[in-house]
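Okay, everyone, thanks for coming.

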Amino acid sequence: MRTPKHDDQSWKTLDKDLNRIAHVEYATAYVARPLVAPGIALVFIVLAGLSAAVIFGQQPANMLVVAAAVFGAYMAINIGANDVANNMGPAVGANALTMGGAIVIAALCETAGALLAGGDVVSTISKGIIDPAGVSETRVFIWAMMAALISSALWVNLATWIGAPVSTTHSVVGGVMGAGIAAAGLSAVNWPTMGAIAASWVISPVLGGVIAAAFLAFIKARIIYVDDKIAAARTWVPVLVGIMAGVFATYLAMKGLKKIVKIDLGTTLFIGAVIGALTYAITAPLIRRQSEGMENRNKSLKALFGLPLVFSAALLSFAHGANDVANAVGPLAAIVHAAEFGDVTAQVAIPQWVMVIGAMGISFGLFLFGPKLIRMVGSQITKLNPMRAYCVALSAAITVILASWLGLPVSSTHIAVGGVFGVGFFREWHAERRLQNGHVARPAAKRLAPEERRRRKLVRRSHFMTIVAAWVITVPAAAAMSAVIFLVLNTIVL
């Protein structure tokens, strides 16, 4: 017969068992949480391969295209995790957008840019760095493009893991170069073109940084450090927004309208000027109305720049989708063409299903893995506010237009991150200058030890060195991996 004491003991034992089960469930959830994102990515990659199998049906090259689609989807996910962060990072770091809002806007705009304004045709030899005669045999060409696709995806994945924003286009270029060297030797490389690409490692970030710093200097001189900040903002903010609209209109006309009609530089500049003037006319009364009753302080200025910054980030994402997705899926499009028609051409049309894989893969990669790089670019390099982030976005668009006009193969990633560095280094220089001119108290600064003054630098030097090192080795690292992968694939087939 059971006694009350036995009943109490049973309940205690049951409570202990339930607690153990609860702890096991908690531990399981904790361990499984990091596996959710890779699991979803794996599902998308498998679906991309199945889609390629359905589209190609019973053709002999089916399995080859399926494998290429799998690696193309993997590449697109890595682009979303790494490349897109450069467009949204400044807006998130400036608190103009939440992380969730930035991801949604970027995913929609990247997809729209890729599908609506993405290139119909892509160079199969990636900007002419390899002599087509060296890889004219279909089998060699397919394995070279496959090696380029795999190596560039692996490199971007590694860069994302270590927290370094790198150029997707440069990764693809390095992959194609490495496979080309493995297939046809060093003589197959167009070294002057590679020299221009190497020069862009310096030109892109420096030009982006200088332009961003120049705009920030203008804002400080004309708006921030004046007696009546609100009156100055009413005058100059509409001008800056008009410049932004004009620049983006010019950029999108150059990159997007080419699908419909070819227009020269003069026409695109005219389109930009008209859009910029219309935007100024619309924005001026809106800024005047928004600024009514605002206090004469910097916090009020940040509110005036918030909405234009969101629009600039969205337009940057649209432009990135229109321009860079085609480069990323170029090797996949080349493999599909060679497998389907059995020949090698300098340029191929991008099938719509290939572009869809690229666009959707970018969205998945951004949603699943993008926040890490968004935080890096937006807040860990230097502290951003809406005005500084706006300068970064504006400099990115202007630099790309200047580079296109000059024919320089620049990287949008290098430009955007270079803009962040430019803003940060300008703030350091400007703060030191104000200190020397007596605009801020000197005694406290004088008492700081050299180590402490270095620690208080406005740009984190460790991130600066990591990112620059990743930029420098992107092409050779991708090339080395691609050469090894090509030799392995070629050996397996033989």
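So, N95 is exposed, because its relative accessibility is 70%, and exposed here means over 50% relative accessible area, buried means under 20%, and partly exposed is in between, all with a 1.4 Å probe and protein chains only. You'll find N95 in the loop between α3 and α4 (99-117). It isn't a glycine, and still N95 has a positive phi of about 65°.

Quick word on what we're looking at. This is a predicted model, where local features need pLDDT of at least 70 and side-chain atom pairs count only at pLDDT 80 or more, while totals for chains, interfaces and linings use all residues. Residues are numbered from 1 along each chain as its sequence is written, and side-chain values use heavy atoms, with hydrogens and water left out.

Now the overall picture. How many helices and strands does the chain have? There are 17 helices and 2 strands. Those are DSSP runs numbered from the N terminus, with helices being H or I of at least four residues and strands being E of at least two. Of the 494 residues in the chain, 50% are buried. And if you take contacts between residues at least 6 apart in sequence, 84% of them join residues at least 24 apart; contact means heavy atoms within 4.5 Å.

Back to α3, then. Helix α3 (residues 85-93) packs against helix α12 (residues 352-380) at an angle of about 60°, and their axes are 7 Å apart. That angle makes α3 oblique to α12. For the cut-offs, under 35 degrees is roughly parallel, over 145 is roughly antiparallel, 65 to 115 is roughly perpendicular, and the rest is oblique. The axes are lines fitted to C-alpha atoms, for helices over the stretch in contact, and the angles run from 0 to 180 degrees between N-to-C directions. On the α3 side, the contact is made by A85, N86, M88, G89, P90, V92 and G93, and on the α12 side by G370, L373, I374, V377 and G378.

Is α11 mostly buried or exposed? Well, 10 of the 12 residues of α11 are buried, so the rest of the structure largely encloses this helix. Among the buried ones are G330, P331, L332 and H337. From first C-alpha to last, α11 reaches 16 Å, close to the 16 Å expected at 1.5 Å a residue; that expected span is 1.5 Å times one less than the number of residues.

Partner one is helix α5 (residues 138-162). The axes of α5 and α11 (residues 330-341) come within 9 Å and cross at roughly 155°. The two are therefore roughly antiparallel, and their crossing is left-handed. In α5, T138, F141, I142, M145, M146 and L149 meet P331, L332, A334, I335, A338 and A339 of α11. Notice the spacing in lists like that: an α-helix has 3.6 residues a turn, so residues three or four places apart point the same way.

Partner two is helix α2 (residues 62-82). Its axis and that of α11 come within 9 Å too, crossing at roughly 170°. That makes α2 roughly antiparallel to α11. Here V65, A68, A69 and G72 of α2 touch L332, I335, V336 and A339 of α11.

Let's move to α6 (residues 168-184). It has 17 residues and reaches 24 Å, close to the 24 Å expected. Helix α6 is mostly covered, with 13 of its 17 residues buried. After α6 comes G185, whose phi is positive, near 90°.

And then there's L186, in the loop between α6 and α7 (191-224). L186 is exposed, with a relative accessible area of 54%. Leaving aside neighbours within four places in sequence, L186 is in contact with I181 and W191.

Last stop: G422, in helix α14 (residues 412-436). G422 is buried, at 13% relative accessible area. Not counting residues up to four places away in sequence, G422 touches G209 and A213. Also, G422 and L216 are 206 residues apart in sequence but 9.5 Å apart in space, C-alpha to C-alpha.

Key:
A crossing is left-handed if the near helix is turned anticlockwise from the far one by less than a right angle, and right-handed if clockwise.
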